[in-house]
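Me: Please examine the structure shown below and answer some questions about its surface and its pockets.

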Amino acid sequence: MVQKLLDWDRETFIYLNSLGIEQYDFFWSTVTTISTWIPLFLLFVFLFFKAFPIKQAWYSILAVIVLFFFVLTLTDLTKEIVARLRPNNDLEINSFIRILQSSKGFSFFSGHASSSFSITTMVVLLLRNKFKWVPIFYLWPVLFASSRIYVGVHFPIDLMVGALVGTLSALMFHWLYNRLILPYLGLSHHE
């Protein structure tokens, strides 16, 4: 069963990676770079200060930052324990796949997927009552994580598990935020 799943994962990666077109290489190489998204992060900060009083805005930002480091640590520990080779480092397939980025380290699960889905989910949960349109922010993690297949450094399961871990971590942090931070600020989670 596990081997069938891994075979599907590898075959799906090879198929999706092979769909890459040279004319889009610059786009996907840019999308996969964290610094490309700095304006989005600044927008998140702006929206926190627009939506909340200063103290609550700072605590919201701090909660997102702590969540990010939690997910990053969990991702790195899992990668070391599982020790799955990235597609670009897998000698069985790396000679016939498109590799636009050469990443070292291990593949399972994707830090791009886990961190972007955790940040986005937390931002959406915190801001959804103030701005109904915030779910559009999910375009970022979908593009950001998908780019990892295009550039040749992650299998689909790496992305799916990373997205799930990131989303569940954000749900847990949001629950803690409502139980610990909001009462500390003298607020209820309905405000």
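Me: Where is leucine 180 placed, and is leucine 180 buried or exposed?
Reply: In this predicted model, leucine 180 belongs to helix 7. Its relative accessibility is 54%, and exposed means over 50%, so leucine 180 counts as exposed.

Me: Which residues make the nonpolar surface patch, and what is its area?
Reply: Leu180 is one of the residues of this patch.

Me: Which helix supplies the largest share of the nonpolar patch?
Reply: Two helices, helix 4 (54-82) and helix 7 (156-184), each supply at least two residues of the patch. The largest share is 4 residues, and the helix that supplies it is helix 7.

Me: Which residues lie nearest the centre of the largest pocket, and how much space lies in the pocket?
Reply: The lining of the largest pocket consists of 25 residues. Nearest its centre lie Ile34, Phe41, Phe68, Ile119 and Trp140. The space in this pocket is about 530 Å³.

Me: Which helix gives the most to the lining of the largest pocket?
Reply: Helix 3 (38-51), helix 4, helix 5 (111-127) and helix 6 (139-150) each contribute at least two lining residues. The greatest contribution is 9 residues, and it comes from helix 4.

Me: How many residues of the lining of the largest pocket are nonpolar?
Reply: The lining includes 5 polar and 4 charged residues. The remaining group, the nonpolar residues, numbers 16.

Methods. Residues are numbered from 1 along each chain as its sequence is written. This is a predicted model: local features need pLDDT of at least 70, side-chain atom pairs count only at pLDDT 80 or more; totals for chains, interfaces and linings use all residues. Side-chain values use heavy atoms; hydrogens and water are left out. Patches are made of residues with over 30% relative accessible area and no salt bridge: like charges are joined within 9 Å, nonpolar side chains (Val, Leu, Ile, Met, Phe, Trp, Tyr) within 5 Å. Accessible areas come from the Shrake-Rupley method with a 1.4 Å probe; for residues, only the protein chains shown count as cover. A salt bridge is a side-chain nitrogen of Lys or Arg within 4 Å of a carboxyl oxygen of Asp or Glu. Buried means under 20% relative accessible area, exposed over 50%, partly exposed in between (1.4 Å probe, protein chains only). On a 1 Å grid over the protein atoms alone, a cavity is a set of points where a 1.4 Å probe fits but cannot get out, and a pocket is an open set with protein on both sides within 12 Å along at least five of seven lines; lining residues have an atom within 4 Å of a point. Grid points are joined across faces, edges and corners, and a volume is the space filled by probe spheres set on the points. Ala, Val, Leu, Ile, Met, Phe, Trp, Tyr, Cys and Pro count as nonpolar, Asp, Glu, Lys and Arg as charged, and the others, Gly among them, as polar.
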